[in-house]
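Here are my notes on the model you asked about. Please read them with the structure open.

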Amino acid sequence: MYDINNISPEELKDFNQAIDNTILFASLNSEGTILFMSKKFQKLLELRPSKIKGSIEEIITTDQGQQIYLKELIQNRKNRKDEIEITTRKKSTIWLEISIIPISNKYLKQRTLILCSDITKRKFNEVKLEKISKEKYSEKIQLQKIQSSQIVEAQEEERKRIAKDIHDGIGQMLTALKFNIESINTSNIESTSNKVDKLKEGLSVLIKEVRSVTFNLTPPELSDYGIVPALNKLAIKLSNYTGRNIYFENKSNFKGRFDSLVETNLYRVVQEAVNNALKYADSNYILISLSHSESIMSIIIDDDGKGFDVKKLNKDSGMGLFFMKERISYINGRIFMNSIKDQGTRITINISIPK
């Protein structure tokens, strides 16, 4: 530790020069008139020494509102730290973090020291960050509006599809059965017998159609037995309906269950992936394979279809892909897509297994 009595005049001069050139510093008398301002402070405020006269607030800033605020801070004569925006005489805008330190003892008259830090860059970055955050928030709100619109549109399309299935399939069959029943003439036994046989055939077809529609809505296997039996039934049903080679393989003999919400979303995503492979990729062979480790279950859908450009599809994805991603994200899963043109597509779904 230095003994102040043993400091040489040269050392003291060097010390004062270091303070003068490195610290934003000023001292005031009890009236707030400036007594001293460091060279660094002068340079920051773009002042010449001849201009450093008068009250500190008028020297530091040319803005009247800022002058009033700074004067109140100084006259309060309490230790205080604050951030203040100032306008220099050359109309530059600067932000200062200012510390006001009142000094009073029996040897010195009342004085006030002002220590400052230039925080202009930090404030500029804060404003820039706030602007970016607002822009991102606006983009997020706009995206949510678009997504909400897409969800409503998809729901309406699904309702139309169900209504069409019921009207064109079940509705027409019921109408035909009604006419057949009304046309039965009980006095003509042979004709009645033939019509009854036709009614039985029609009822069998109707039952299959009802089961088909209800299966597309919610397969009973999913709620009763879980994702594995439901995916197996999905593969069998779609293979029978389309005549394509669609298979399911439980590679690791998984028998676990998930929350009903998780299972429903997993099922819908696989269903969408298989339907896309049939509808857009013109696939003839589709394999749904399931495997698991201690903590992760994976479902992979492979097809031998046309393939697609994954990067292009991610930039301009259809609603089907959008809903697949949304569903998997909603249940905290992950989905990956790999595709090669004319060589097929692989979609991988990973989901954590509950402990």
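This is a predicted model: local features need pLDDT of at least 70, side-chain atom pairs count only at pLDDT 80 or more; totals for chains, interfaces and linings use all residues.

1. Residues are numbered from 1 along each chain as its sequence is written, and side-chain values use heavy atoms, without hydrogens and water.

2. Five strands make an open antiparallel sheet, ordered β2-β1-β5-β4-β3. Strands (E, at least two residues) and helices (H or I, at least four) are DSSP runs numbered from the N terminus; two strands pair if DSSP finds at least two bridges between them. β2 (34-37) and β3 (80-87) are the edge strands, each with a single partner, so one side of each has no neighbour in the sheet.

3. Within this sheet, β4 (residues 93-103) and β5 (residues 111-118) run antiparallel and are joined by eight bridges. E97 is opposite S117 in β5.

4. Helix α9 (residues 260-279) has 20 residues. At its start, a side-chain oxygen of D259 comes within 2.8 Å of the backbone nitrogen of L261.

5. The largest nonpolar core has 37 residues, and L231, L266, V270, M297, I299, I301 and I349 touch the most other members. Such a core is a set of buried (under 20% relative accessible area, 1.4 Å probe, protein chains only) Ala, Val, Leu, Ile, Met, Phe, Trp, Tyr and Cys residues joined through side-chain atoms within 4.5 Å. α9 gives the largest share, nine residues. A second, separate core of 23 residues includes L24, L45, I98 and I100.

Definitions and conventions
The expected span of a helix is 1.5 Å times one less than its number of residues. A polar contact is a pair of N or O atoms within 3.5 Å; within protein, one must be able to donate a hydrogen and the other to accept it, and residues adjacent in sequence count only if both atoms are side-chain atoms. Buried means under 20% relative accessible area, exposed over 50%, partly exposed in between (1.4 Å probe, protein chains only).
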